[in-house]
Amino acid sequence: MREVGRKQGTASPCAACKLLRRRCAQDCIFAPYFPADEPQKFANVHKVFGASNVSKLLQELPAHHRSDAVSSLVYEANARVRDPVYGCVGAISSLQNQIEALQTQLAIAQAEMVHLRMRHATYLAHLSPRSPMMVEMASTSTGTGIGSSSMLLPKQQLMKPDQHGPKPVFTLDMVMLDQTSFGEPPIWSC
């Protein structure tokens, strides 16, 4: 419809020609990308890049790439108007900082969840009055002797000497060093 109006001379000039105060020709390079109802779009692009540079750029590009180029120019120009020093890079940097902060918060939350799960598991282990081994012996016993329910032994006494019980999650193993080889007196002396 715009092209038909242009041929008859009744269409309004594009935003670029209106801002540059020139007659909008039928083959105007700006007309398809800077409509008359969006004057600020071209004003920012002109302020940052200049009309002649944009015109040269659009003429060098194939027609199917021009709309993408104009979108990029408009985005960068708007970013430069908001932040004249950094432009798009400032926005990208800000978003990267937000991502890093959120990743840190996520790692802290995940570590806290692991800690709480461990505490909960430890709490549940200490809560049970009878260990699974004691329950098994109580259920399989005939009611006399060591396995009777009235005479349950602690888990450590029921285990064979070569078996080791479950280790607590947060245990510290002490390592004994032979410090005599270092020529110093031993730290631990009995």
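A disulfide is defined here as a pair of cysteine sulfur atoms within 2.5 Å. The structure is a predicted model, in which local features need pLDDT of at least 70 and side-chain atom pairs count only at pLDDT 80 or more, whereas totals for chains, interfaces and linings use all residues. Residues are numbered from 1 along each chain as its sequence is written, and side-chain values use heavy atoms, with hydrogens and water left out.

Under the disulfide criterion, the count is zero. The cysteine sulfur closest to that of Cys 28 belongs to Cys 17 and lies 3.6 Å away, which is too far for a bond.

Helix α3 spans residues 39-49, and its buried residues are Phe 42, Asn 44 and Val 45. These residues cover an arc of only 160 degrees around the axis and therefore lie on the same side of α3; the arc is that of the directions from the helix axis to the C-beta atoms. Helices are DSSP runs (H or I, at least four residues), numbered from the N terminus. The face turned away from the buried side of α3 carries the exposed residues Gln 40 and Lys 47. The cover over the buried residues of α3 includes α2 (15-20), α4 (51-60) and α5 (63-82).

Just after α3, Gly 50 adopts a positive phi of about 90 degrees. The axes of α3 and α4 come within 7 Å and cross at roughly 100 degrees, so that α3 is roughly perpendicular to α4, a class covering angles of 65 to 115 degrees. Axes are lines fitted to C-alpha atoms, for helices over the stretch in contact, with angles running from 0 to 180 degrees between N-to-C directions. Phe 42, Val 45, His 46 and Phe 49 of α3 meet Ala 51, Asn 53 and Val 54 of α4, contact being heavy atoms within 4.5 Å.

Val 48, also in helix α3, is partly exposed, with a relative accessible area of 32%. Beyond its neighbours within four places in sequence, Val 48 is in contact with Ala 77, Arg 80 and Val 81. The C-alpha atoms of Val 48 and Ala 79 are 10.0 Å apart, and these residues are separated by 31 residues in sequence.

Note on methods:
Buried means under 20% relative accessible area, exposed over 50%, partly exposed in between (1.4 Å probe, protein chains only). Helices (H or I, at least four residues) and strands (E, at least two) are DSSP runs, numbered from the N terminus. Angles under 35 degrees count as roughly parallel, over 145 as roughly antiparallel, 65 to 115 as roughly perpendicular and the rest as oblique.
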